[in-house]
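Student: Hi! Could you go through the charged pairs in this one with me?
Tutor: Happy to, let's have a look.
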Amino acid sequence: QVQLVESGGGLVQAGGSLRLSCTFSGRTFLSYTMGWLRQAPGKEREFVSAIRWTSSTLYEDFVKGRFTISRDNAKNTVDLQMSSLKPEDTAVYFCAAQRDPGTMSVSILTRPDKYEYWGQGTQVTVSS
């Protein structure tokens with residue numbers, strides 16, 4: 001029913017920038033909160049950022065001020081603009097979707113296990 005495809009990953013030098021994009025295939029894009037999550041080698045998958053259909057955003061502390069999430073509801077896309085990249089940002093970045101929680105606690109958006117649909121991931125490597 002829903003397919004997510006990420007693009008934009010690659011190799012970048014520390015301090016550089018990279019823009020990731022995710023395309024949502026389906027007819028109910030507005031029903032979902034879109035998230036970016038990442039998994040570094042040897043580590044568990046972790047939340048990075050999320051955006052609701054209203055464009056309300058949520059960021060994990062380690063990316064605040066450096067990453068910006070946005071969505072285009074006309075194109076069914078969500079982007080993650082990353083700047084001031086650090087070697088510790090190296091990870092596979094996943095685009096994911098979960099039904100918008102509505103009035104439920106926003107904390108549910110930070111839990112990887114609550115995301116229903118996932119893309120294949122795109123590798124981001126930041127060299128020192």
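Student: Is Glu-46 buried, exposed or partly exposed, and what is its relative accessible area?
Tutor: Glu-46 is partly exposed, at 30% relative accessible area. Keep in mind that this is a predicted model.
Student: Which residue does Glu-46 form a salt bridge with?
Tutor: Arg-38, and their closest N and O atoms are 2.8 Å apart. Arg-38 itself counts as buried, since its relative accessibility is 5% and the cut-off for buried is under 20%.
Student: How many salt bridges does the count come to?
Tutor: Seven salt bridges. One of them joins the side chains of Arg-52 and Asp-100, with 2.7 Å from N to O.
Student: Where do Arg-52 and Asp-100 lie?
Tutor: Arg-52 is in the loop between strand E5 (46–51) and strand E6 (57–59), while Asp-100 is in the loop between strand E9 (91–99) and strand E10 (117–118). The pair therefore ties together parts that are 48 residues apart in sequence.
Student: And what does Lys-64 form a salt bridge with?
Tutor: With Asp-61, at 3.1 Å between the closest N and O atoms. Asp-61 counts as exposed, at 57% relative accessibility.
Student: Which residues do shared partners join into one network?
Tutor: Arg-38, Glu-46, Arg-66 and Asp-89 are linked that way by salt bridges.
Student: New topic: where is Thr-77 found?
Tutor: Thr-77 sits in strand E8, residues 77–82. Thr-77 counts as buried, with 16% relative accessibility.
Student: What does Thr-77 touch, not counting residues up to four places away in sequence?
Tutor: Its contacts are Cys-22, Thr-23, Phe-29, Ser-70, Arg-71 and Asp-72.

Methods: Residues numbered from 1 in each chain as written. Predicted model: local features only at pLDDT ≥ 70, side-chain atom pairs only at ≥ 80, totals over all residues. Heavy atoms only, no water. Salt bridge = Lys/Arg side-chain N within 4 Å of Asp/Glu carboxyl O. Buried < 20%, exposed > 50% of the residue type's maximum accessible area, 1.4 Å probe, protein only. Helix = DSSP H or I, 4+ residues; strand = E, 2+ residues; numbered from the N terminus. Contact = heavy atoms within 4.5 Å.
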